[in-house]
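Hello,

Here is the structure I promised to pass on. Please open it first, then read my notes below.

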Amino acid sequence: FSSTKITPMQSRISIHWTPAPNQRGTTYNLILTVENLSKMLSITVPRDYVVAMSMFKLPARHLQLQLPNAAPHNCAVLKNLPSSDKCNNASPHCIPWRSPEHCPVYESFPIYLRTRNQMIQGDPGGIVSKDFWFHLLEDKAAAYTYVTSESYPTPKIYCCISKDASLKTEFNKCLEQLTSTNNFTKGFVVKASGLHSNDGVYVLPQGLPGLDLLTGTKKTAVDILNEVMNTTATKILVEEFISGAGITSAPTLPNEFKFHMFNGEIGSVSMVLNRGTDCACYAEIDGAFEQRLDQYGCFSPNFPFGRTTPDGCIKVDVATGSKNSFPMKGHNFCGPLPSTVVTPCVWQTLSSMAKELSKKIGVYVRIDFFVSSDEQIWIQEFSLNHNNGLRHCTAKFNSTSGCVDSCFLGRLWQNTGGNTLFGGPLTPIPASLRNWTTSSRCPAIRPLQNATTSSTGASCKAE
């Protein structure tokens, strides 16, 4: 680097470099000195060309470096980090702080989610009366029907069983037919529809009885039935198991990319990497895969809404957050993200599919994808209630105002157009769901005899 003198009047520093071929992957130490204040950053260069921009807003003295390979800093660094040779993709780095945020109600992403979900659960008829249909996607069977009717790849469903008096009989019948099918050697996943997060989900690469990758415990059919019967699930789906990146010799889960979509626009992407292993971690990144959006930890809406700091920024109570570190849905934040996490071709395909589907749905939806070890892409599911509307881990630094902006997803919701309560415009209901209701039982989704063949994911397509 060439030395650059920074005058007190400067508020922005741009640093550009091209590492020599034998230096790519090298760690550089960058020292910036402003008004006798020094800050050292360690930067790993994973790409052929990297452009880093550091913002130094005077007199706030807030240094910013938001790159895909930058580690979050509003979090408690783990004492025992996995070795780099063990985690060849990404690894856990820290436990995120959970800070109260004071976004105005009309800019609060969690409050929008919570309000809409109350209507989905309490008054679905009010949604139907306005000709919206997004709430149907909460039903995994409806989501599968819709995705396959639109010719998008998704893991194959072997059985769909309604939760009624015949559940036990039909579930055991499904398992018996599945395991007796000629040449069936693949595992499967059991999902209870109508629940959230990992509730009622069992990933069984060896079938039943067998090890559940999500909990690390052995499960039997009786275990699963007893647990599901004590939930509000409406039906059980048995679907194809998609194998992950294989960090260990044992089967692993695929990496997950969860796109927060606002009528065709990507707000952010939540990633769960190396799930089911010691290297499992969580990260948030922008739609261009250029900036980590989890630099400032996680946020929960708090009173009074719209509260500002003396500088005019929406207040984020970082002091309180620093005393409250919690994993995000059971996962610690990832450290630096190497370029091997996802290839540009795969990222481009994921983004294109998410935008296309989002325009068809209209309102805010989180579209979740699997990416397998051989870079095949599947649509996993849709989520309408990210983290149950309790918190999020997405913020940007505004170089003009000098503020940390954790409200921008709420503004995207507000500005999407159409129905503000629902988070977007009305779109035509797809033909495959015209007769579907929230109480629909299992349709004949797919014949069981197809269990001997695997589904095919989408391959990346570079433009």
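What follows is a short tour, from the whole chain down to single contacts.

This is a predicted model, so local features need pLDDT of at least 70, side-chain atom pairs count only at pLDDT 80 or more, and totals for chains, interfaces and linings use all residues. Residues are numbered from 1 along each chain as its sequence is written, and side-chain values use heavy atoms, without hydrogens and water.

**The whole chain**

The chain has eight helices and 23 strands. Both are DSSP runs, numbered from the N terminus: helices are H or I with at least four residues, strands are E with at least two. Of the 463 residues, 54% count as buried (under 20% relative accessible area, with a 1.4 Å probe and protein chains only). Take contacts (heavy atoms within 4.5 Å) between residues at least 6 apart in sequence: 68% of them join residues at least 24 apart.

Strands of a sheet pair through backbone hydrogen bonds, either parallel or antiparallel. Here, four strands form an open sheet in the order 9-14-10-11, with antiparallel pairing. Two strands pair if DSSP finds at least two bridges between them. Strand 9 (157-162) and strand 11 (201-204) are the edges, each pairing on one side only. From one strand to the next, the twist averages 10 degrees.

Strand 10 (residues 188-193) and strand 14 (residues 235-240) are joined by six bridges. Val190 stands opposite Val238 of strand 14.

Helix 4 (residues 167-180) packs on the sheet and touches strands 9, 10 and 14. Its direction makes about 165 degrees with that of strand 9. Angles run from 0 to 180 degrees between N-to-C directions, and axes are lines fitted to C-alpha atoms, for helices over the stretch in contact. Helix 5 (residues 221-229) also packs on the sheet, touching strands 10, 11 and 14.

**A loop residue**

His196 lies in the loop between strand 10 and strand 11. Leaving aside neighbours within four places in sequence, His196 contacts Glu138, Asn385 and Asn388. His196 and Asn387 are 191 residues apart in sequence, yet 8.5 Å apart in space, C-alpha to C-alpha.

**Two packed helices**

Helix 1 (residues 109-122) packs against helix 8 (residues 408-415) at about 50 degrees, with axes 7 Å apart. Helix 1 brings Phe109, Tyr112, Leu113 and Arg116 to the contact; helix 8 brings Leu409, Gly410, Trp413 and Gln414.

Best wishes

Terms used:
Buried means under 20% relative accessible area, exposed over 50%, partly exposed in between (1.4 Å probe, protein chains only).
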